[in-house]
Amino acid sequence: MKQITESLYQISLGAANVFLLTGDDGLTLVDTGLPGSADKLFAAVRKGGKRPEDITRIVLTHWHPDHAGSAADLQQRLGARVVAHAADADILEQGGGERPRYLTPGLVNRLVFRFFINGVSSQIPPISIDERVADNALIATAGGLRVLHTPGHSAGHMALLLEQEGVLIAGDICANVFGLAYSTVYEDITLGQQSLLKVAAKPFDQAVFGHGGPVIRNASQKLREKFEQPLDVAGKLLQTV
Ligand SMILES: [Zn+2]
Ligand SMILES: [Zn+2]
């Protein structure tokens, strides 16, 4: 576990990062990794000096298997309450599915898609969602975790703003693997850009991502600068994948 701020820890599970928040009400886990990640996650949490049994809440940024894949297993083992945005809740409860998705142009995206996304099943063990939240909801932990509905990558994607500490948990609104960049796939990249700019207008100094390392200073400004340029792919027919 890598400590980002007083309350926030990042855990890399290989395919994606997940996050642990320490609050008065116990631990909150944001995302869960691919199916079969629970033991690896528990080991990382223990190594970081925390108890997996203290996880009382699981918040899912969106339904993709690299984020929601182990949620059902963890829910069963921990009895934790699962929170997701209403627009992704049905697909999570159905155990995944197919939604139209488009590949973001560029060589890196073609390679990432070919080696890391293509062939990963879009099915996940079904999860029963205990709480369906909407934009601007406040999850009561660690001084308040603000829900920012950020459709585009997924219709029910949510980013989370840890207001007290000025940190954005960005999920997959973009990635930071080889510097800040659009994610490899979107259901609607134009909507994705609007969501990025909506988020970048909020005040936060640091940002963490589902894929890649954190941005540790001036993060909202960096997002604004990176994504405010007109989307050159807008209007072009993106490749369906
Ligand atoms: Zn995703
Ligand atoms: Zn992802």
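Predicted model: local features only at pLDDT ≥ 70, side-chain atom pairs only at ≥ 80, totals over all residues.
Okay, let's start with a pattern: along the chain, the residues that hold the zinc ion (ligand 1) are spaced H-x1-H-x88-H-x18-D. Residues are numbered from 1 along each chain as its sequence is written, chains are lettered from A and ligands numbered from 1 in the order in which they are written, and side-chain values use heavy atoms, with hydrogens and water left out.

So, who are those H's and that D? They are His62 through NE2, His64 through ND1, His153 through NE2 and Asp172 through OD, sitting 2.1 to 2.3 Å from the zinc ion (ligand 1). When I say donor, I mean an N, O or S atom within 2.8 Å of the metal (3.2 Å for Na, K and Ca); water is not among the atoms, so a site may look incomplete. Both His62 and His64 are buried. Buried is under 20% relative accessible area, exposed is over 50%, and partly exposed is in between, using a 1.4 Å probe and protein chains only.

What about the geometry? The four donor atoms of the zinc ion (ligand 1) make angles of 90 to 175°, and the site comes out as irregular. Here's the rule: four donors are tetrahedral if all angles lie between 85 and 135 degrees; four are square planar, and six octahedral, if opposite donors are over 155 degrees apart and all others between 65 and 115; anything else is irregular.

Which residue do the two zinc ions share? Asp172 coordinates both, and the zinc ion (ligand 2) and the zinc ion (ligand 1) are 3.4 Å apart. The protein donors of the zinc ion (ligand 2) are Asp66 (OD), His67 (NE2), Asp172 (OD) and His211 (NE2), at 2.1 to 2.3 Å. Its four donor atoms give angles of 86 to 157°, and this site is irregular too. In sequence, the spacing for the zinc ion (ligand 2) reads D-H-x104-D-x38-H. Asp66 is in helix H2 (residues 65–68), while His211 is in the loop between strand S14 (206–208) and helix H7 (219–227), so this pair ties together parts 145 residues apart in sequence. Helices here are DSSP runs of H or I with at least four residues, strands are runs of E with at least two, and both are numbered from the N terminus. Asp66 counts as buried, at 17% relative accessibility.

Let's zoom out for a second. An unreviewed UniProt entry annotates residues 15–211 as "domain: Metallo-beta-lactamase"; positions are given in the numbering used here, feature names are shortened, and annotations like this may be inferred rather than shown by experiment. Over residues 15–211, the chain is 27% helix and 24% strand, and the end C-alpha atoms are 8 Å apart.

Next up, salt bridges. How many salt bridges does the structure hold? There are 13, counting a side-chain nitrogen of Lys or Arg within 4 Å of a carboxyl oxygen of Asp or Glu. Take Asp25 and Arg57, whose side chains meet at 2.9 Å, N to O. That pair links distant parts of the chain, 32 residues apart: Asp25 is in the loop between strand S3 (17–23) and strand S4 (26–30), and Arg57 is in strand S5 (residues 55–59). Asp25 is partly exposed at 33%, whereas Arg57 is buried at 12%.

Another one joins Asp88 and Arg99, at 3.0 Å, N to O. Asp88 is in helix H4 (residues 86–93), and Arg99 is 11 residues away, in the loop between H4 and strand S7 (102–103). Asp88 is buried, at 1% relative accessibility, but Arg99 is partly exposed, at 22%.

Then there's Arg132 with Asp90, at 3.1 Å, N to O. Arg132 is in strand S8 (residues 131–133) and Asp90 in helix H4, so the bridge ties together parts 42 residues apart in sequence. Arg132 is partly exposed at 40%, and so is Asp90 at 43%. Salt bridges with shared partners also join Arg46, Arg51, Glu53 and Asp54 into one network.

Met1 is in the segment before strand S1 (2–3).
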